Amino acid sequence: MLHKDIEEVLVSQEEIKTIIKALGTALTEDYANKKPLFVGLLKGCVPFISDLLKELDFMLEVDFMDVSSYHGGLQSSGDVKIVKDLSTAVKGRHVILAEDIVDSGQTIQAIRSMLLYRGAASVRVVTLLDKPKGRVVQLQPDYVGRTIPDAFVVGYGLDYQEFYRNLPYVGTLKPSVYQTENEES
Ligand code: PRP
């Protein structure tokens, strides 16, 4: 039912598996003895981190933050709102921030600065997708699964109007989906 709304699959299930294995290997090499705090940024990170965590072969703690900047639409509003904060203190900790996508970069930049201000020893970013064309701030994620073109994508955690997160791959929506939306509103 969901699949009929997809115009093009950009990152298939198989590709996602390969990407996550490679990210897992890189992080395992870099964080072997650091006991980092692994922070998932809700809600988009959920499918990604549930697969990535299983590839991380080192001691780590997991926590979550819920920040919102898109407010359900197609473009980042730039207004990064903390909906749920961490329950772990970050002072002196090495933090890995896990994202489904870095687009304008505003979300990650805001969270990264905040965690460094709170005294984190280091903050690095792992993202499944990187969309450098969308960038409005100077920020390069440390671990990138796949660089994608300047298109609005859904699936594997990414939403449009909160839907499509449960697709097992990443793809673009048919224009008719947005048209229907406009007609309804
Ligand atoms: C999306 C995505 C990233 C952020 C990236 O989150 O999951 O967190 O936007 O955009 P940026 O680089 O332009 O800041 P959203 O605010 O839509 O919340 P969600 O994860 O709950 O979908």
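Select Glu-14 and Lys-17 and show their side chains: Glu-14 is exposed, and so is Lys-17. Keep in mind throughout that you're looking at a predicted model. The two side chains meet in a salt bridge, with N to O at 3.8 Å. Why can they pair up along the helix? Glu-14 and Lys-17 are three residues apart in helix α1, so about one helical turn separates them.

Stay on helix α1 and pick Lys-21. Its salt-bridge partner is Glu-55, and the closest N and O atoms are 3.3 Å apart. This pair links distant parts of the chain: Lys-21 belongs to helix α1, while Glu-55 sits in the loop between α2 (46-52) and β3 (61-68), 34 residues apart. Buried or exposed, or something in between, for Glu-55? With 28% relative accessibility, Glu-55 counts as partly exposed.

Next, select Glu-61 and Arg-93. Their side chains form a salt bridge at 2.9 Å, N to O. Glu-61 is in strand β3 and Arg-93 is in the loop between β4 (81-84) and β5 (94-102), so the pair ties together parts that lie 32 residues apart in sequence. Turn on a surface and check each partner. Glu-61, at 37% relative accessibility, counts as partly exposed, whereas Arg-93 counts as buried at 17%, because the cut-off for buried is under 20%.

Now pick four residues at once: Lys-43, Asp-159, Glu-162 and Arg-165. Salt bridges that share partners join them into one network.

Which strands make up the open sheet, and in what order? Three of them do, in the order β1-β9-β8, with antiparallel pairing. Colour the edge strands, β1 (6-11) and β8 (153-154); each pairs on one side only. Strand β9 covers residues 170-173, and two bridges join β8 to β9. To see the strands face each other, select Val-154 and Gly-171: Val-154 stands opposite Gly-171 in β9.

Finally, bring helix α1 (residues 13-30) back into the picture. This helix packs on the sheet, touching β1 and β9. Look along β1 and compare directions: the direction of helix α1 makes about 25° with that of β1. That brings you back to where the tour began, since Glu-14 and Lys-17 are in helix α1.

Definitions and conventions: Residues numbered from 1 in each chain as written. Predicted model: local features only at pLDDT ≥ 70, side-chain atom pairs only at ≥ 80, totals over all residues. Heavy atoms only, no water. Pairing = 2+ DSSP bridges. Helix = DSSP H or I, 4+ residues; strand = E, 2+ residues; numbered from the N terminus. Contact = heavy atoms within 4.5 Å. Axes fitted to C-alpha atoms, helices over the stretch in contact; angles between N-to-C directions. Buried < 20%, exposed > 50% of the residue type's maximum accessible area, 1.4 Å probe, protein only.
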